[in-house]
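Please look over the model shown here. The report below covers one chain's overall form and the contact between two chains.

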Amino acid sequence: MATIIMIYGFLAVCLLMSLIKSKEKSKKALKVAGKALLKTAPSLLAVLGIVGLTLGILTAEAISGLVGAEAGFVATIIAAVLGAITLIPSLVAFPLAGSLLRSGATVMTISAFVTTLVMVGMVTAPMEMKILGKKFTLLRNGLGFLAALIIAGIMGVIL
Amino acid sequence: MMILKKFKLPILIGCIYVALAIFAPATAGRSAWVTWDYFKEMALIMPPVFLLMGLMEVWVPKDKIQKWLGSGSGIKGGLISLALGTLPTGPLYVAFPMTATLLRKGASIINMVIFLGSWAALKIPQLMVEIKFLGISFTGVRFVFTLTALVLMGFIMETILGRKSVMGWLPPENEEIMKKQAGKMKA
C-alpha cells in the first residue's frame, strides 16, 4: 500500500510540473504512455493468468512436498526449477524456505530455490519479451539460472 | 483477426483455466483468486508507471542518461543502477518499461542488467525478510555472489547484444517515434 501511495504521489508531482512547463509535451507524454500500455496489455493479462496457475497448482505445501521428498542433487535441481517457474511474494517465500531448511533441506537446495526465485522470472517472461525483446529476456533469464545454480553450489560448500 | 492474434497467449491461458475448472475445480478456484489478487495490484500500479515512463520519455534529456548510465559511466553508473534497483519500489514487472526507456535513452546494457537484477534479487525490504527467516550469513553471502553474478552477466550480455545498436534487438515503443528517429538518421 505504501508503495502505491508513493508512486501516485510521485506521479502527481511530476505531472503537475510537466503541465506547468508545457501543455504540449505533457500531452505527448500521455500519448506515449497510453500506447505503451495498450501494447503491453495482452502480455500483462498472460502474466496474470500464469501467476494464478503456478500459485494455484504449486502451493506452499506442494513445494515443500516436492523439495522435501528428494534428497541431495535431485532436490537441488527440483528446487531451482520450482524457483524459476514460480513468482512468490518474499513474505511467503522466505518463511517457506526457512521452514524447509529447518526440516532438513540442505543449504544448497534452499539457496538454489531462493536464488532462482529472485533471479529468474519465467512467469513474467512473456511481458519481458514484449518490452525488452526475446534475445534480452532469454539471455538474462538463462544466464540468471546458470548463475543461480553456481551460487547455490558455492553456498552449499561454504555455509 | 489482428486482435485474436495479439491475444493468443491470454486466450490459450483462458482455455487452460476452463479445462482446470472441469477437471480440478479446487485448483482452478485457487488460481482464479490469485489472479484476481494480482490483477488488483497491477491495475493500480501499471497506469501510473506507464505515465511516469511517458513523462520521462518526453522530459529527461538523452545526454543526461548517457552520462549517468551510459557505457562511459563506469563504476559510478553501476553503483547508481544498483542503488536505483535496491530502493523499496514495486514488483519486477514495473521495472521492465523503465528499463526499456532507459535503454532507448542511452543507458548501457550492463547497467540495466544490474538495475533489473538488483530490483529482483537485492531489494532492501526483501533482504530484511530474508535475514529474518534465513539468517544474516545466508543473506550476506547470497548478496555478494548475486551482485558478482549480475556484473558478469552484464558483461556477457553487453558483448553479445552490444555489437548492434539498441534498435537491432529492442522492440520499438511505438511506430511514430521509430519513424521519426529513422528519419533523423537518414538526414
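What follows describes chain A, then the interface, then chain B.

This is a predicted model: local features need pLDDT of at least 70, side-chain atom pairs count only at pLDDT 80 or more, and totals for chains, interfaces and linings use all residues. Residues are numbered from 1 along each chain as its sequence is written, while chains are lettered from A and ligands numbered from 1 in the order in which they are written.

**Chain A.** Chain A has eight helices and zero strands; helices (H or I, at least four residues) and strands (E, at least two) are DSSP runs, numbered from the N terminus. Its C-alpha trace spans about 65 × 35 × 30 Å along the principal axes.

**Interface.** Chain B has 66 residues in contact with 64 residues of chain A. Contact requires C-beta atoms, placed from the backbone, within 7 Å. H3(B) gives the most to this side of chain B, with 24 residues.

**Chain B.** The end C-alpha atoms of H3(B) are 50 Å apart, which agrees with the 51 Å that its 35 residues should span at 1.5 Å a residue. The expected span is 1.5 Å times one less than the number of residues. H3(B) bends by about 30 degrees at B:Met42. That bend is the angle between axes fitted to the seven residues ending there and the seven starting there.

Domain bounds come from an automatic or database domain assignment.

| Domain of chain B | Residues |
|---|---|
| domain 1 | residues 9-46 |
| domain 2 | residues 60-182 |

The centres of these two domains of chain B, taken over C-alpha atoms, are 30 Å apart.

Note on methods
Two residues are in contact if their C-beta atoms, placed from the backbone, lie within 7 Å.
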